[in-house]
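Subject: A structure for you to look at

Hello,

I am passing a structure on to you, with some notes on what was found in it. Please have it open while you read.

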Amino acid sequence: MKQIPECFATTPIVYAVGKSYQIMVPVTRETLMWAEVGGKCFYDDVNGIMRSNCTTHRMTVPMELLNAAGEYKICYRIVNERKPYFSDVSEAFEYYSVFYAVKSGNARFFHIADAHNQIDKPVAAAKAFGDIDFLVLNGDLPDHSGDIKNFTTIHRIAAEITNGEKPVVFSRGNHDMRGIYAENIAEHTPTDNGKSYYTFRLGSIWGMVLDCGEDKPDDHAEYGYTICCEDFRKRQTAFINDVIAHAECEYASEDVSRKLIFCHAPFSEKNRAPFDIEEETYGEWCRLLKEYVKPDLMICGHVHQAYVTNVGDALDAFGQPCTVVVGSAPGSSNATVEGRVGVKGVFVGTGVELEVGGFNVKFVGNDSKEYMKTNIKI
């Protein structure tokens with residue numbers, strides 16, 4: 001990781017949401033912060049009041065501007081004491097970074113999910129895959145949200161792989177919903193006005209992030225009546241329909257060449273009780289995506305094994321809209337099912353290469369081994 005100021009917990013991270021980047025900077029002490037891109041300032045403020053009572057700063061910058069500039073500055077002041085009058089703050093300091101936008105055409109990215117507070121192994125797996133154009137973090141990076149420090153795991157993984165110089169796509173996982181700080185995760189991660197589901201653009205790639213929430217019924221004893229995911233999923237059905245209604249501005253835009261779906265849980269699969277939830281809702285998601293969006297690839301995590309499911313395979317329970325790659329095996333156990341990858345003690349993530357006519361998909365471990373590769377035609 002690059003040399004960073006003492007008050008930064010990691011380098012800045014550039015997350016892609018919609019047609020903007022959210023530059024996020026976790027900090028170790030109270031600061032005021034803004035970003036400068038192309039001669040314009042973008043403040044971390046609330047209605048004109050600069051934020052300092054926070055541990056993660058967020059500056060939202062138009063994608064087009066940062067892509068063209070190819071660089072950004074993070075400007076900050078240390079807050080010694082914030083008072084009603086004459087607050088005691090330092091002079092302004094600057095941190096500079098280059099930025100490499102995703103170009104139209106072929107690209108390479110690495111997918112990580114289910115790190116469960118591991119940092120070194122997921123980072124090593126990504127580096128073993130080699131140079132990438134963007135990174136995907138697909139849920140359960142922390143083990144839970146019972147400690148606010150766990151959110152730094154997300155940014156640490158992103159920082160050590162991208163150095164704040166390349167875009168990152170983030171998706172929430174079900175373990176991220178557990179613990180006293182789960183309700184605050186939106187303050188520390190990229191969202192679309194607080195929503196954990198959204199679309200994004202990177203070069204000629206259009207993507208959609210969906211969020212299944214928890215993986216058992218809302219009234220399951222494990223949750224202690226702290227969740228309401230059934231209604232949350234219905235709101236996403238409405239979201240998918242809204243995206244379809246505005247297709248020309250989304251996936252049907254003439255400059256879109258690839259369409260990707262990211263979701264922590266592979267919702268096109270049928271699960272045993274008590275995980276057999278929302279089958280009607282998930283079936284509707286599959287139908288809408290397959291009939292209208294027609295994505296080229298969906299990538300998930302959650303299962304703790306890595307494998308590929310084609311349309312019509314045994315695991316295709318609800319009419320999956322495209323090939324599904326379940327792409328994370330955190331090393332908790334060995335895979336026992338043929339065609340799946342899981343190696344005890346080895347973190348396996350997924351590298352994807354976009355090429356003419358399809359994708360090359362590689363399951364790569366932190367031990368630098370390539371455990372499986374396949375070519376997916378579109």
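Which elements do the buried residues of α2 pack against? Before the answer, a word on the basis. This is a predicted model, in which local features need pLDDT of at least 70 and side-chain atom pairs count only at pLDDT 80 or more, while totals for chains, interfaces and linings use all residues. Residues are numbered from 1 along each chain as its sequence is written, and side-chain values use heavy atoms, with hydrogens and water left out.

Now the answer: the buried residues of α2 pack against β11 (108-112), α3 (151-162), β20 (348-355) and β21 (358-365). Helices (H or I, at least four residues) and strands (E, at least two) are DSSP runs, numbered from the N terminus.

**Helix α2**

Helix α2 spans residues 120-129, and its buried residues are Pro-122, Val-123, Ala-125, Ala-126 and Phe-129. They lie on the same side of α2, because they cover an arc of only 160° around the axis (the arc is that of the directions from the helix axis to the C-beta atoms). On the face turned away from that buried side, α2 carries the exposed residues Asp-120 and Lys-127. Here buried means under 20% relative accessible area, exposed over 50%, and partly exposed in between, with a 1.4 Å probe and protein chains only. After α2 comes Gly-130, which has a positive phi, near 105°.

**The sheet beside it**

Contact means heavy atoms within 4.5 Å.

Two strands pair if DSSP finds at least two bridges between them; β11 and β12 (residues 134-138) pair in the parallel sense over four bridges. In that region His-111 stands opposite Val-136 in β12.

**A buried histidine**

His-188 sits in the loop between β13 (167-171) and β14 (198-202). Is His-188 buried or exposed? His-188 is buried, with a relative accessible area of 5%. Leaving aside neighbours within four places in sequence, His-188 is in contact with Met-24, Thr-55, Thr-56, Arg-58, Ile-148, Phe-151 and His-155.

**Cysteines**

A disulfide is counted as a pair of cysteine sulfur atoms within 2.5 Å, and by this rule the count comes to zero. For Cys-7, the closest cysteine sulfur is in Cys-54, 12 Å away and too far for a bond. For Cys-75, the closest one is in Cys-41, at 6.5 Å, which is also too far for a bond. Cys-7 is buried at 4% relative accessibility, and Cys-75 is buried at 1%.

**The protein overall**

The protein has five helices and 22 strands. Its radius of gyration is 20 Å, close to the 21 Å that the globule rule gives for 378 residues, so the protein is as compact as a globular protein of that length. That radius is taken over C-alpha atoms, and the globule rule is 2.2 Å times the number of residues to the power 0.38. Buried residues make up 54% of the 378 residues.

Best wishes
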